[in-house]
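Colleague: Before we discuss any details, could you put the model on the screen and take my questions one at a time?

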Amino acid sequence: MSVTPPGPIGDPVFGNGRQYADDPFSFMRACADSYGDVVRFDLGPRETYLLTNPADIERVLVSDADRYRKPQFGDDAMDTLLGNGLLMSEGETWQRQRRLANPSFHNRRIGALAGTMVDHTESQLADWSDGDVVDIQLEVARLTVKIIVSAMFGADITDEEVKTVQEKLEPLGARFEPDPRRFLIPNWVPTRENREFDAAVDTLESVIDGIVERRRGTERDPSVDPAGPEGVAVRGPAGDGDGDLPMDLLSVLLRARDRGEQTDENLRDELVTMLLAGHDTTALALTYTFYLLSNHPEARGRVEAEAEAATGGGRAAADATAADGAPTAADVRDMDFTERVLNESMRLYPPVYTLFREPKLDVKLGGYRIPEGSALMLSQWVVHRSPRWYDDPETFDPSRWKPERRSQRPRFAYFPFGGGPRHCIGKAFSLLEAKLILAKVCSQYELDYEGPELSLRGSLTMHPNHPVPMRIRER
């Protein structure tokens with residue numbers, strides 16, 4: 001195998017951690033521009049390799065996926081928050097949990113959830129008034145929390161509980177922002193950050209406990225369809241033995257617990273994972289999409305036209321009967337340009353901006369030897385903005401996603417939902433949700449951004465570093 005890959009020189013103690021923490025997005029881009037497909041650097045005590053060639057990324061995520069695992073960073077904050085849920089579990093545990101979750105994300109069930117998604121969107125829009133200014137990131141996050149709880153927990157979440165979740169996202173997110181000094185301070189040290197993080201986790205668990213308590217006793221009642229009247233109670237997983245049952249994720253997990261296949265801890269880990277991952281990425285994708293549409297009026301006009309077609313005429317339909325103004329999964333399937341806009345938004349602003357893997361044994365990537373136990377960074381942010389794969393990569397251009405242009409790029413030149421056996425289980429759910437929300441909003445309103453130049457911060461996901469104020473204008 002070849003020699004060590006090139007990379008930037010770091011500090012004696014922190015390696016390149018300070019540079020990465022100051023601006024992870026610029027640092028990763030500069031490394032790729034300067035050193036090529038495989039770049040080595042140190043993030044504190046961890047030897048890290050940045051991969052930016054789609055062929056190498058596909059090998060790690062797909063063809064050689066069994067040679068890699070999710071890395072351990074010597075920081076148990078992630079375990080404290082997400083435990084052994086789908087995002088973090090490995091091996092037989094992950095396979096079991098994924099198998100249990102699959103029926104909740106079956107295509108027929110996802111399509112039937114359109115009514116639930118639209119109902120929550122209409123309820124949210126009822127609070128909007130012409131001329132108001134809203135922080136669109138907070139607005140869509142509040143909406144997607146309600147949708148994920150209805151769709152996957154089979155329950156309603158109160159406005160007070162939504163507010164509590166949103167308030168606790170700040171200390172949770174801050175704990176995962178890059179900081180080269182963090183590995184020097186154990187998690188048990190009662191720093192202000194650690195105390196706030198622990199308190200936020202406790203509060204989030206209490207919200208989850210309240211939802212679970214409200215659902216007890218309903219998970220085995222086939223007459224209960226917690227997510228609405230759209231026929232989402234599809235047949236249970238093989239071996240369930242109870243015929244047609246509510247198939248929201250919480251019901252599935254509660255029945256598995258009754259069979260002795262889940263502990264209370266397993267249940268908690270999956271629900272926290274689903275609540276956080278299931279709403280945050282979609283909310284961010286919509287936030288960046290509204291921002292880009294505000295800056296590109298021609299594209300916004302085309303999205304508005306598709307939204308009107310999908311909703312039967314926009315505000316007039318929405319004010320008439322619910323059926324006239326409520327788009328279905330079939331309606332938004334025809335919103336081809338809107339789908340290209342979403343793809344371009346997630347290319348320029350991928351909510352998940354980098355993935356991590358760890359080789360289980362020494363491997364060879366890009367002609368270099370990568371040692372067992374090192375950290376691999378597979379960065380959507382870098383690859384999605386590379387001039388090797390995209391003409392004028394900083395430019396918003398939805399036409400990139402026409403089939404003839406898309407087919408000219410490598411498969412993993414675009415991977416906002418990951419790939420391979422551990423691809424995001426909620427991809428279809430998220431895309432349907434985003435298109436339905438865009439259909440409802442853009443058929444009734446124009447949103448104009450009134451904030452500063454967009455700046456970003458990295459945590460578990462990529463967030464705006466400031467509020468995202470949008471002025472609402474009725475169409």
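Colleague: Is Asp392 buried or exposed?

Modeller: This is a predicted model, in which local features need pLDDT of at least 70, side-chain atom pairs count only at pLDDT 80 or more, and totals for chains, interfaces and linings use all residues. Residues are numbered from 1 along each chain as its sequence is written, and side-chain values use heavy atoms, with hydrogens and water left out. Buried means under 20% relative accessible area, exposed over 50% and partly exposed in between, with a 1.4 Å probe and protein chains only. Because the relative accessible area of Asp392 is 57%, this residue counts as exposed.

Colleague: Where is Asp392 placed?

Modeller: Asp392 is a residue other than glycine with a positive phi, near 45°. Helices are DSSP runs of H or I with at least four residues, strands are E runs of at least two, and both are numbered from the N terminus. On that assignment, the place of Asp392 is in the loop between helix H18 (380-384) and helix H19 (403-406).

Colleague: Which class does the aromatic pair of Trp401 and Tyr414 fall into?

Modeller: Rings of Phe, Tyr and Trp (its six-membered ring) pair if their centres lie within 6.5 Å, and planes under 30 degrees apart count as stacked, over 60 as edge-to-face and the rest as tilted. A search of the whole structure finds 12 aromatic pairs. One of them, between Tyr291 and Tyr349, is edge-to-face, at 6.3 Å centre to centre and 85° between the planes. For Trp401 and Tyr414, with 4.4 Å between centres and 50° between the planes, the class is tilted.

Colleague: Why does Trp401 count as buried?

Modeller: Trp401 lies in the loop between H18 and H19, and its partner Tyr414, 13 residues apart from it, lies in the loop between H19 and helix H20 (427-444). Tyr414 is buried because its relative accessible area is 12%. Trp401 is buried because its relative accessible area is 6%.

Colleague: At what angle do the axes of helix H12 and helix H13 cross?

Modeller: Axes are lines fitted to C-alpha atoms, for helices over the stretch in contact, and angles run from 0 to 180 degrees between N-to-C directions. With contact meaning heavy atoms within 4.5 Å, Leu293, Ser294 and Asn295 in H12 meet Pro297, Ala299, Arg300 and Val303 in H13. The axes of H12 (residues 264-295) and H13 (residues 297-311) come within 5 Å, and the crossing angle is roughly 115°.
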